[in-house]
Amino acid sequence: MNIENIVEKFTSVIISHKIKTITLAIVLVLLATSGVRFLETPAGYRSFVENDQQNYQDILNIEEKYGTIDTLTFVIKPKSGEIFQKNVLKVIDELTELSWKAPYSSRVSSLTNYQYTTVDGDDINISDFISDIDSLTDNELLDLKNLALKEKNVVNFILSKSSKVSFVNITLDVPIGIDFIEPIAFAEEQKKLFNEKNPDIFVTVAGSARFSQNFQETAQSDATNMYPAFLVLIIILSYILLRSVSASLLSLIVIFLSILPSMGSAGWLEYQVLPPLIIAPIIILTIALAHAIHILSIALSNMNEGMQKDKAIIESMKINFMPVFLTSFTTAVGVAGVNFGNIPAFSQMANAVVFGAAYSFVLSVTVLPALFMMMPIKSDGKNNIILPALHALGNFIFKFKYYVITFISLITIYLISLIPTLYFDDDFDAYFDRVDDWVEVKNIVNDEFGSSFFIFANMDSGEVDGITDPNYLKKLDDFASWLESQDEVVTVATVADVIKTLNKNMNEGLEEFYSIPDNKSLNAQYFLMYEFSVPYGMDLKDQMTANKSESRLLIRLNNFTSIQSRDFHQRTKEWIKNNLGSYQSDGIVGIPVMFPYVYQENTNGLLRGLIFSFGIIIVVIGITLRSIRFGLISVVPNVVPFVLAYGVLSLFTKIVTFSHTVAILIAIGLVVDATIHFLTKFKKANVMNLSSYDAIQYCYKYVGYPIIVASVCLFCGFLFLLQSSFQTNYVLGGMCALIILLALIIDLLLLPSLLLIFGNKSK
Amino acid sequence: MKIYSFLFILILTFNFSSFAETDEEIGLKIAKEAYESTRGYIDSTSEQLMILIDPKGNEVIREISGKNLENMDPDDGDKSLIFFNKPKDVEGTVMLSHTHVNDDDDQWLYLPALGRVKRISSSNKSGAFMGSEISFEDFSGLDYRKYDWKYLGEENYEGEVCYKLESYPKYENSGYTKRIGLTDELLRARKIEYYDRKGDLLKTIYFEDHKLYNDAIWFADTFRVVNHQNDNSTIYKWENRQLNIGLNKKDFEKSSLMRLAD
């Protein structure tokens, strides 16, 4: 049983039944591809979390009690001066009215519709804070500003402290599974109209729905911006490497036949089109391109040496079948490790790549040779210019092997020493820092309000109508004060504030009554009164449960990183445990709380995935090489590129995000692959009893060129991802490109040096 | 009397078509007739039970009792007293309302825990009533004068032919953009769909358990409110409703609330 014989027979059969092979392949490809129609449009950030994730459960819990947490916000900023100018207030008023018409809107809060209470003895008047804007005098405008800045639920919620920016907040009640396209389209349309109509007032759109929509929009813009340019790059690349138009065309055909069914399979599995999935075709494309170039370049050079076309492709297949299989296999195994993480979007991307690896292997050994026979392929007859260079490199390595090892070791040790400065962190708010519109929003909002995100906390009294109990309200107020004393928090709103305001208003507006009454019935009666005096969408249903056993704290956050967020979450839990007594709270809840935990759990999962993938790959290397010595030697070139890459990373940043971890899993199969090729050839040279010098030159001659070609394809492919507007995509691309580049250097310099010293068992 | 008014309506309906009035005019006529068919109660007392039901089926109970006084001045609204009984913490709270047709309502509230009467003026009462799916606006919305009307035709509902009427609130602070209601041939409202400010269906009130009081006036003793957007519902029941029992008009003045505070 010789693999080469099997491959020879297999390929002969393929090329003698080329029409049947191609027809069958195309039918199967089309069948798989037809699944594309089932690809789903994503539901924003919710697609980034698994349903059973604890912090996501906390969010669902809060939403079940108080309605959905998603908001859409109009940000209004006059280009000069403050909010309290007639034309600015009029814009706010108009936007407020319009906001009620936003699809799925359930509440709207703004400066104009804020329910403001004025007191005249026993007469209580509750009305919109600002009305009849045309008739306001300058003094009245100033009064309004001073009053607004005294309202706890206005400042930092709908008006910035500086009075320079104001929000119109829309609460969206979008059913889970439906995206924000409609409300966002509505808001963007209004934004455009208002900016045209009012050149001196800047209006833009923010809020968690807008953030969420970025996922979808960057997926779209990545696809439309990157794919066409990437196609051009690949055409150029394959022509440079093959120097034959028809061979390039052939590789393009095989590449497309590999990508289409991969995305189709993703569709059959009802995957969502999120930014990570957008990069799957690019990774598949690079793998398929590398396969095609391996096979075609050898076939073409065989033809240059005078072989018949069929003989040339069969001989090429004999050399390339196993390497192509191994690349596909190790890539698939490496990438499959991403499934150990807990972000569905990344697992889906990884699985699409796994499909791609499988399809590209099958097509490369069937359709590729069949088509090769059918197309008029000629080589230009020029000799490969890289081969003499590789020969010279072989001479250099033979002479300076110890220097090479010493030099690379020193660099590696230096870079290793930097790695401990790295730490895992993430800033989900930086995801879309390349989306201009979003950055514009973020800058304004973060400067004036701390951040555009709210978080929440629930506090359960444990009994029906328990929240009117003065003890509960005081504890709630303590909780809010403690939260406000934390660096991460800008401001907090609770029903305790509502009670304090009511108590003041019911006592002739005297400041000394801005406190929580010691009378449960009175508190209950205040709530009762408040609730039937306010308009539609202004009630307290989003702050307390119908049976008044629980209430919700609304917290405006400062911007912070994952580590701070988790620390804040823990600190809050600790405070709750020590201070809340019999009252129950799950602590802080919300998107900025959830993401850091998702990352942490994901990173832990990915590290487990790495162990899984690496374990399997080591077994594969062992089986392929059937040698412990080579197995041990292979560890060096397989591990060093990653160590170096993280070392290089630490020269630029201290923060390792989970994308950096995903990069290891994607790259590992590709890196391992090159070393396997090199070691197999070296072993073969040993069997042929070549001297160590000749053995190394043999390796350079037969695998040096394919390794360079594959690495160049992969490097360019990954480098290309740097163009993505989604942070994790470009981090992933940059990191993978770096690893591939370093692996190429190690494979060409360090591995041969090591083999020269340790590789020859006969001596 | 009932039969006469029924016949009268039949004739009216017949006339609607024969005189080719506009749909708006027909709608207004039916709404007006329907409203007028509930007049003449003089005064009334009742106990009211509210059951708030969340999407998971959890229930919360509210109990109030009410007194109403008909205003014979056709240009002004009725007066009402609401006594809050349950939850226990609000027991003893009383609200007095003087509704007006063309003006904001007057409202006084006696809070026993505060021991004071407060006059509450707010131009907008479209919010939830005691956390339910019903609002003050829905009660005052039974007065045809607060809406513009349009007759949409006939529709079968639970085996009966009903007039389908569309109405649009005249006042700008309404929580709704329109309502579509079915009124049966006895001029009883059977259901009304409410559309929110973005024009989406918000909720439906089903009027059930119609009873003929004093052989003259139909009242629905159950309002079943279903919110289609948040899946909450409210069942609002009237019990022990009594009409024309000779209530003291003075009870419906601010001074009677003030006496409670003394």
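The model is predicted, so local features are taken at pLDDT of at least 70 and side-chain atom pairs only at pLDDT 80 or more, while totals for chains, interfaces and linings use all residues. Residues are numbered from 1 along each chain as its sequence is written, with chains lettered from A and ligands numbered from 1 in the order in which they are written. Helices (H or I, at least four residues) and strands (E, at least two) are DSSP runs, numbered from the N terminus.

Let us start with a sheet in chain A. Four strands make an open sheet in the order E2-E5-E1-E6, with antiparallel pairing; two strands count as paired if DSSP finds at least two bridges between them. At the edges stand E2(A) (105-109) and E6(A) (201-206), each with a single partner strand, so one side of each has no neighbour in the sheet. On average, neighbouring strands here are turned by 15 degrees against each other, direction ignored. Axes are lines fitted to C-alpha atoms, for helices over the stretch in contact, and angles run from 0 to 180 degrees between N-to-C directions. Helix H7 (residues 208-242) of chain A packs on this sheet, touching E1 (71-78), E5 and E6 of chain A, and its direction makes about 110 degrees with that of E1(A). Contact means that the C-beta atoms of two residues, placed from the backbone, lie within 7 Å. For a look at one pairing, E2(A) and E5(A) are joined in the antiparallel sense over 4 bridges, and A:Val108 has A:Ile170 in E5(A) as its bridge partner.

Chain A has another open, antiparallel sheet of 4 strands, in the order E9-E10-E8-E11. Its edge strands are E9(A) and E11(A) (588-589), each pairing on one side only. E8(A) (residues 454-460) and E11(A) pair in the antiparallel sense over 2 bridges, and A:Ala457 stands opposite A:Ile588 in E11(A).

How many residues of helix H16 (residues 495-505) of chain A are buried? The count is 9 of the 11, so the helix is largely enclosed by the rest of the structure. A residue is buried if 20 or more other C-beta atoms lie within 10 Å of its own, exposed if 12 or fewer, and partly exposed in between, with C-beta atoms placed from the backbone. Among the buried residues of H16(A) are A:Val495, A:Val498, A:Ile499 and A:Leu502, along with A:Asp497 and A:Lys500. Their cover includes strands E3 (115-120), E4 (123-128), E9 (489-493) and E10 (550-557), and helices H15 (470-484) and H17 (520-531), of chain A.

Now turn to a pair of helices. The axes of H1 (residues 3-16) and H10 (residues 309-336) of chain A come within 9 Å and cross at roughly 135 degrees. That makes H1(A) oblique to H10(A); angles under 35 degrees count as roughly parallel, over 145 as roughly antiparallel, 65 to 115 as roughly perpendicular and the rest as oblique. Residues of H1(A) in this contact include A:Ile3, A:Val7 and A:Ile15, and those of H10(A) include A:Ile313, A:Met317 and A:Phe321. By class, the contact has 8 nonpolar, 2 polar and 4 charged residues. Ala, Val, Leu, Ile, Met, Phe, Trp, Tyr, Cys and Pro count as nonpolar, Asp, Glu, Lys and Arg as charged, and the others, Gly among them, as polar.

Next comes the contact between the chains, which takes 36 residues from chain B and 36 residues from chain A. On the side of chain B, E5 (106-111) and E6 (116-122) each supply at least two residues, and E6(B) gives the most, with 7 residues. That side divides into 15 nonpolar, 13 polar and 8 charged residues. E4(A) and E6(B) pair in the parallel sense over 4 bridges, and A:Ile124 stands opposite B:Ile120 in E6(B).

Finally, some backbone details. Most residues other than glycine have a negative phi, and most peptide bonds are trans. A:Ser163, not a glycine, has a positive phi of about 65 degrees; A:Ser163 lies in the loop between H5 (138-150) and E5 (166-172) of chain A and, with 18 C-beta neighbours inside 10 Å, counts as partly exposed. B:Met130 has a positive phi of about 50 degrees, sits in the loop between E6 and H3 (136-140) of chain B, and counts as buried with 20 C-beta neighbours inside 10 Å. A cis peptide bond joins B:Lys86 and B:Pro87, with omega about 10 degrees.
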